[in-house]
Amino acid sequence: MTKAQQQRSSSKRKTNQLPKIVSLFSGAGGLDHGFKSAGFKLSAAFDISPAAIETHKRNFRGAWFRSR
């Protein structure tokens, strides 16, 4: 395989990956669950309610969270 073919092959793989999402006004994460089911990865969630963030943390382990 030539160098040009390798570059085209690797760029095709990159375009097939879904972007990571950031959840604003996330609540307990209902919309985020839909994105997760569709194959997206959640990278961060923000909400003003500490109770909503605690629930979201239980639903989405591994994401970064922030409340006001």
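Mentor: Two strands count as paired when DSSP finds at least two bridges between them, and that cut-off is the place to start with this predicted model. In β3, for instance, Arg-66 is the bridge partner of Phe-46.

Trainee: What makes β2 and β3 a pair?

Mentor: Four bridges join β2 to β3, and pairing asks for at least two, so the two strands qualify as a pair, and they run parallel.

Trainee: How do you know that β1 is paired with β2 as well?

Mentor: The same test applies: five bridges link β1 to β2, which spans residues 41-47, and the requirement is at least two, so this pair qualifies too. Along it, Lys-20 stands opposite Lys-41, while Ser-23 faces Ala-45.

Trainee: Why are β1 and β3 called edge strands?

Mentor: The sheet is open and holds three strands in the order β1-β2-β3, with parallel pairing. Because β1 and β3 (64-67) each have a single partner strand, one side of each is left without a neighbour in the sheet, and they therefore stand at its edges. From one strand to the next, the twist averages 10°.

Trainee: What makes the unit of β2, helix α3 and β3 right-handed?

Mentor: The word applies if, with the strands pointing away from the viewer, the path from the first strand over the helix to the second runs clockwise. The unit made of β2, α3 (residues 50-59) and β3 is assigned as right-handed. Across the chain, which holds three helices and three strands, the elements run α-β-α-β-α-β from the N terminus on.

Trainee: How do you know whether Phe-25 is buried or exposed?

Mentor: Phe-25 also belongs to the loop between β1 and α2, but its relative accessible area is 78%; exposed means over 50%, so Phe-25 is exposed. Its phi is near 55°, a positive value in a residue other than glycine. For the chain as a whole, buried residues make up 24% of the 68 residues.

Trainee: What makes the contact between Glu-54 and Lys-57 a salt bridge?

Mentor: In general, side chains of opposite charge can pair when their charged atoms come close. Here the N to O distance between the side chains of Glu-54 and Lys-57 is 3.5 Å, and the rule asks for a side-chain nitrogen of Lys or Arg within 4 Å of a carboxyl oxygen of Asp or Glu, so the pair meets it. By this rule the count comes to one salt bridge. Because Glu-54 and Lys-57 are three residues apart in helix α3, about one helical turn separates them.

Trainee: Why are Glu-54 and Lys-57 called partly exposed?

Mentor: Glu-54 has 40% relative accessibility and Lys-57 has a relative accessible area of 35%; since buried means under 20% and exposed over 50%, with partly exposed in between, both values place their residues in the intermediate class.

Key
Residues are numbered from 1 along each chain as its sequence is written. This is a predicted model: local features need pLDDT of at least 70, side-chain atom pairs count only at pLDDT 80 or more; totals for chains, interfaces and linings use all residues. Side-chain values use heavy atoms; hydrogens and water are left out. Axes are lines fitted to C-alpha atoms, for helices over the stretch in contact, and angles run from 0 to 180 degrees between N-to-C directions. Buried means under 20% relative accessible area, exposed over 50%, partly exposed in between (1.4 Å probe, protein chains only).
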